[in-house]
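This report describes selected side-chain features of one protein model. Please consult the sequence and the structure shown below while reading.

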Amino acid sequence: HGTLAGSMQQGGVGLSLDGKIDGTQTWYFATKEGIFVKSDSKSTAAVSVSAGDPMNATFPVTIEEGTETRLLKK
């Protein structure tokens, strides 16, 4: 669980971001060999974006992300 907050410029328009992030990360090991095999992570952020100066438009954005890191064999 976490939070997301920030501001930026896009196309000359100021944007303000505020939201919450939820996710998981799982690590896999080959215990007999004593090596890391892979990890999987998934997260979802529910963000409120305000645009304009002064902030005159607000809209919701959902961001979903997933990654996998794994051991490569030669």
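Which side chain meets that of Glu68 in a salt bridge of 3.4 Å, N to O?

## Salt bridges

The model is a predicted one. In it, the partner of Glu68 at 3.4 Å is Arg70. Arg70 counts as exposed because its relative accessibility is 54%, whereas Glu68, at 44%, counts as partly exposed.

Glu68 also forms a salt bridge with Lys38, with the closest N and O atoms 3.6 Å apart. Glu68 belongs to strand E4 and Lys38 to strand E3, so this pair ties together parts that are 30 residues apart in sequence. Lys38 is itself partly exposed, with a relative accessible area of 25%, and its side chain meets that of Asp40 in a further salt bridge (3.6 Å, N to O). Through shared partners, Lys38, Asp40, Glu68 and Arg70 are joined into one network. The count of salt bridges comes to 3.

## Nonpolar core

The largest nonpolar core consists of 5 residues: Leu15, Ala45, Val47, Val49 and Ala51. Strand E3 (residues 35–51) supplies the largest share of this core, namely 4 residues. Among the residues that Val47 touches are Leu4, Leu17, Phe59 and Ile63.

## Aromatic rings

The whole structure contains 3 aromatic pairs. One of these pairs, Trp27 and Phe29, is stacked, at 6.3 Å centre to centre and 15° between the planes. Ring pairs link Trp27, Phe29 and Phe36 into a cluster.

## Surface patch

On the surface, Tyr28, Ile35, Val37 and Leu71 form a nonpolar patch with about 320 Å² of accessible area together. Leu71 is located in the segment after strand E4 (57–70), and its relative accessibility of 45% makes it partly exposed.

Note on methods
Residues are numbered from 1 along each chain as its sequence is written. This is a predicted model: local features need pLDDT of at least 70, side-chain atom pairs count only at pLDDT 80 or more; totals for chains, interfaces and linings use all residues. Side-chain values use heavy atoms; hydrogens and water are left out. Patches are made of residues with over 30% relative accessible area and no salt bridge: like charges are joined within 9 Å, nonpolar side chains (Val, Leu, Ile, Met, Phe, Trp, Tyr) within 5 Å. Accessible areas come from the Shrake-Rupley method with a 1.4 Å probe; for residues, only the protein chains shown count as cover. A salt bridge is a side-chain nitrogen of Lys or Arg within 4 Å of a carboxyl oxygen of Asp or Glu. Helices (H or I, at least four residues) and strands (E, at least two) are DSSP runs, numbered from the N terminus. Buried means under 20% relative accessible area, exposed over 50%, partly exposed in between (1.4 Å probe, protein chains only). A nonpolar core is a set of buried Ala, Val, Leu, Ile, Met, Phe, Trp, Tyr and Cys residues joined through side-chain atoms within 4.5 Å. Contact means heavy atoms within 4.5 Å. Rings of Phe, Tyr and Trp (its six-membered ring) pair if their centres lie within 6.5 Å; planes under 30 degrees apart count as stacked, over 60 as edge-to-face and the rest as tilted. Lists of a residue's contacts leave out its neighbours within four places in sequence.
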